Each structure stands twice: as C-alpha cells, then as structure tokens.
Amino acid sequence: QVQLVESGGGSVQPGGSLRLSCAASGYSKCMGWFRQSPGKEREAVAIIYSRDPVTASYYAGSVKGRFTISRDNAKNTVYLQMNIVQPDDTAMYHCAADQFDLLACSSGLTNPTRFGYWGQGTQVTVSS
C-alpha cells in the first residue's frame with residue numbers, strides 16, 4: 001500500500017508558475033500527475049519512470065514545453081513544475097503511483113485509470 005500526499009496547489013495568474021509536490025510513503029517505479037476539472041474526465045499531465053539506470057518522462061501535448069516532472073527517489077517525492085500556466089490548466093491535480101515497467105508506465109498517458117495508488121489531490125486555479 002502506497003500513500004500519496006500532494007501539496008503546492010493554489011491560485012495563480014495566467015503566465016505565472018507553480019510547483020506541485022507529491023510525497024509517497026514508499027518507492028514506486030512509475031509516478032505521475034493527473035488532473036480533473038468539473039464535468040471532464042481525468043487526464044494525464046505527466047508521467048515519470050525511474051529504475052536505475054533508466055529515467056524517462058512523458059507529457060501530455062497540452063503541457064509539453066510548459067510543465068516539467070521530476071522526482072527525488074531519496075525522498076520518494078515527485079514534483080510538477082508548472083510554467084506559463086493558462087486558465088485551461090485549472091483543475092484538481094492528483095498524484096498517482098504504481099510498479100509498472102517502462103512500457104506500461106508510458107501507456108499511463110492514455111490510460112490513467114490503471115494506476116493503483118492515488119492521492120487526494122491539490123487544487124490549482126488559474127485566473128486573473
């Protein structure tokens with residue numbers, strides 16, 4: 001059982017930046033950030049796989065070039081650096097984790113529901 005706790009959400013103006021953190025109770029090879037807005041399905045934002053010596057990250061097209069996912073395995077923490085945020089980025093952001101291998105991890109971009117462990121989420125609101 002892996003427990004995940006997100007933090008760092010809040011209100012930010014368009015064009016601004018925000019950094020989300022997700023602290024896990026243990027190590028998981030595959031971790032990711034997902035978001036959900038009212039009336040919309042949960043969608044993947046970014047996923048990161050890490051098992052020495054391989055680290056790989058994957059991004060949704062809507063955030064590529066603006067968001068960066070990273071992780072600190074010593075702290076069992078994954079981060080999402082959000083830059084040049086837009087109103088469409090407004091959502092509840094959830095962290096997820098599982099022990100997928102590299103191929104299965106990357107497929108989480110199109111199939112978020114396969115992740116077994118989820119945090120409660122942190123709200124991000126982008127408005128002027």
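This is a predicted model: local features need pLDDT of at least 70, side-chain atom pairs count only at pLDDT 80 or more; totals for chains, interfaces and linings use all residues.

Reader: What is the phi of N76, which is not a glycine?
Author: Most residues other than glycine have a negative phi. N76 is not a glycine, yet its phi is positive, at about 50°.

Reader: Where is the place of I84, and is this residue buried, partly exposed or exposed?
Author: I84 also has a positive phi, near 50°, and is a residue other than glycine. Its place is in the loop between β8 and β9 (91-98). Buried would require a relative accessible area under 20% and exposed one over 50%. With 48%, I84 is therefore partly exposed.

Reader: Is the peptide bond from D52 to P53 cis or trans?
Author: Most peptide bonds are trans. P53 is found in the loop between β5 (43-51) and β6 (54-59). For the bond from D52 to P53, omega is near 5°, and the bond is cis.

Reader: Which strands stand at the edges of the open sheet formed by 4 strands?
Author: The order in this sheet is β1-β3-β8-β7, with antiparallel pairing. A strand at the edge has a single partner, so one side of it is left without a neighbour in the sheet. The strands to which this applies are β1 (4-7) and β7 (67-72).

Reader: By what angle are neighbouring strands of this sheet turned against each other on average?
Author: Strands of a sheet pair through backbone hydrogen bonds, either parallel or antiparallel. For this sheet the average is taken over neighbouring strands with direction ignored, and the value is 15°.

Reader: How many bridges pair β3 with β8?
Author: β3 (residues 18-24) and β8 (residues 77-82) run in the antiparallel sense. Among their facing residues, R19 has Q81 as its bridge partner, and A23 stands opposite T77. The pairing of β3 with β8 extends over 6 bridges.

Reader: Which residue of β3 is the bridge partner of V5?
Author: β1 and β3 run antiparallel and are joined by 4 bridges. As for β3 itself, 5 of its 7 residues are buried, so this strand is largely enclosed by the rest of the structure. The bridge partner of V5 in β3 is A23.

Reader: What kind of aromatic pair do F34 and F115 form?
Author: A search of the whole structure finds 4 aromatic pairs. In the pair of F34 and F115, the centres are 5.1 Å apart and the planes stand at 65°. An angle over 60 degrees counts as edge-to-face, and the pair of F34 and F115 is accordingly edge-to-face.

Reader: How many residues apart are F34 and F115?
Author: F34 belongs to strand β4 (residues 30-36), whereas F115 is in the loop between α1 (102-106) and β10 (117-118). Both F34 and F115 are buried. The pair links distant parts of the chain, and the separation is 81 residues.

Reader: Why is the pair of F115 and W118 classed as it is?
Author: Their ring centres are 6.3 Å apart. F115 counts as buried because its relative accessibility is 3%, whereas W118, at 25%, counts as partly exposed. The planes of the two rings stand at 70°, so the pair is edge-to-face.

Reader: Which residue lies over the face of W118?
Author: Ring pairs link W118 with F34, F100 and F115 into a cluster. R114 lies over the face of F100, at 4.9 Å from the ring centre. Over the face of W118, at 4.5 Å from the ring centre, lies R42.

Methods. Residues are numbered from 1 along each chain as its sequence is written. Side-chain values use heavy atoms; hydrogens and water are left out. Rings of Phe, Tyr and Trp (its six-membered ring) pair if their centres lie within 6.5 Å; planes under 30 degrees apart count as stacked, over 60 as edge-to-face and the rest as tilted. Helices (H or I, at least four residues) and strands (E, at least two) are DSSP runs, numbered from the N terminus. Buried means under 20% relative accessible area, exposed over 50%, partly exposed in between (1.4 Å probe, protein chains only). A charge sits over a ring if NZ of Lys or CZ of Arg is within 6 Å of the ring centre and within 35 degrees of the ring normal. Two strands pair if DSSP finds at least two bridges between them. Axes are lines fitted to C-alpha atoms, for helices over the stretch in contact, and angles run from 0 to 180 degrees between N-to-C directions.
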